[in-house]
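Reader: I would like to go through this model by its packing and its sheets. Please take the questions one at a time.

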Amino acid sequence: MSPIVSVRTLRKAYAGGFEALKSVDLDIRKGEILALLGPNGAGKTTLISTICGITVPTSGTVTVGGHDIQTDYRAARRMIGLVPQEITLESFETVFNTVSFSRGLFGKPRNSALVEDILRKLSLHDKKDNKIMTLSGGMKRRVLIAKALAHEPEVLFLDEPTAGVDVELRKDMWQVVADLKASGVTIILTTHYIEEAEAIADRVGVINKGEILLVQDKAELMAQMGQKQLRIDLAQATDRVPDALAPYELTRHPDGMSLVYTYDTKGERTGITTLLNDLQKAGLQMKDLQTQQSSLEDIFVGLVKETT
């Protein structure tokens, strides 16, 4: 199945020479939730803005549902809903009119029943006649999502949708996103929160300095989280890993004073007992043991550090 969004060698450079995007390649599958992680200034918003046709790329191509965002802009844009970081709403307008107006901007005929259904799904129906100024920050974010869904897009971009909201509301938003996916909407989510990616994403992408460092299924990343490392500190330095210990794929520290063994905590056996026995047989004397478990945050931080 061809991807619903396809990005090829996408580049965005500014007059001063700064490259916000550096030859980005990315395929987004229909019906998935992709969480895009990255530090401030990594290029997340620039990438989303370019796919949505707000920012003009320097080079490269982007297609949405097979429509090129530059040569077939209207068809591509009709497929996209965008929820921006900033809350920009008309304070004195009602919720219902705000959402209905967004539908009209895309040339869609008036459909009060559809708008009411969207508001109901986002727990906004009882606020439909309220003015925007009377809503809480969390409710305003829901209105932004309703606006983005009003023209029935197939792809929804959420740019930091839970930034600055409390943990309870953040979890409510996660449920909203899960419900949208269940209805068939493809969702691309940018976030600073690692736990957000863990909670709702099917795949996780990491971007830094305008480059995609990783795009991987969450299940695979979670499997990496099941990896533990055992560091064996030695009484005396060794200049190499003995051949008898080769099956354990040990990593030797440059100073020769420790060896690192990586194992799967979910496996039936860790192999630690036999390793320690074989270590003694190989003539290496153990001084101390330390274990450390990796996390998705460790993976993210490690990837970002490699590019700084």
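**Sheets, core and helix packing**

Author: This is a predicted model. Strand 4 (residues 59-64) and strand 5 form an antiparallel pair joined by two bridges.

Reader: Which residue of strand 5 is the bridge partner of Val64?

Author: Strand 4 and strand 5 are antiparallel partners. Within strand 5, the residue bridged to Val64 is His67.

Reader: What is the strand order of the open sheet of four strands?

Author: Pairing in this sheet is antiparallel. Strand 2 (19-28) and strand 5 (67-68) each pair on one side only, so they are the edge strands by definition. The order is 2-1-4-5.

Reader: Helix 1 packs on the sheet; what angle does its direction make with that of strand 2?

Author: Helix 1 (residues 44-51) touches strand 1 (5-13), strand 2 and strand 4. Its direction and that of strand 2 make an angle of about 65°.

Reader: Is strand 8 largely enclosed or open to the outside?

Author: Thr186, Ile188 and Thr190 point one way from strand 8 (186-191), while Ile187, Leu189 and Thr191 point the other way. Residues on both sides are buried. Because six of the six residues are buried, strand 8 is largely enclosed by the rest of the structure.

Reader: Which residue of strand 8 stands opposite Leu156?

Author: Strand 7 and strand 8 run parallel and pair over five bridges. Strand 3 and strand 8 also pair in the parallel sense, over five bridges, and there Ile33 stands opposite Ile187. Leu156 likewise faces Ile187.

Reader: Which element gives the most residues to the largest nonpolar core?

Author: That core has 39 residues, and Leu119, Ile145, Leu156, Leu158 and Ile187 have the most contacts inside it. Elements supplying at least two residues each include strand 3, helix 4, strand 7 and strand 8. The greatest share, six residues, comes from helix 5.

Reader: How many residues are in the other core that lies apart from it?

Author: Among the members of this separate core are Ile48, Cys52, Ile69 and Ile207. Its residue count is 25.

Reader: At roughly what angle do the axes of helix 3 and helix 5 cross?

Author: Helix 3 (residues 95-105) passes helix 5 (residues 137-149) in a right-handed crossing. Val95, Thr98, Val99 and Ser102 of helix 3 meet Val143, Ala146 and Lys147 of helix 5; these divide into four nonpolar, two polar and one charged. The axes come within 7 Å and cross at roughly 35°.

How values were computed
Residues are numbered from 1 along each chain as its sequence is written. This is a predicted model: local features need pLDDT of at least 70, side-chain atom pairs count only at pLDDT 80 or more; totals for chains, interfaces and linings use all residues. Side-chain values use heavy atoms; hydrogens and water are left out. Axes are lines fitted to C-alpha atoms, for helices over the stretch in contact, and angles run from 0 to 180 degrees between N-to-C directions. A crossing is left-handed if the near helix is turned anticlockwise from the far one by less than a right angle, and right-handed if clockwise. Contact means heavy atoms within 4.5 Å. Ala, Val, Leu, Ile, Met, Phe, Trp, Tyr, Cys and Pro count as nonpolar, Asp, Glu, Lys and Arg as charged, and the others, Gly among them, as polar. A nonpolar core is a set of buried Ala, Val, Leu, Ile, Met, Phe, Trp, Tyr and Cys residues joined through side-chain atoms within 4.5 Å. Buried means under 20% relative accessible area, exposed over 50%, partly exposed in between (1.4 Å probe, protein chains only).
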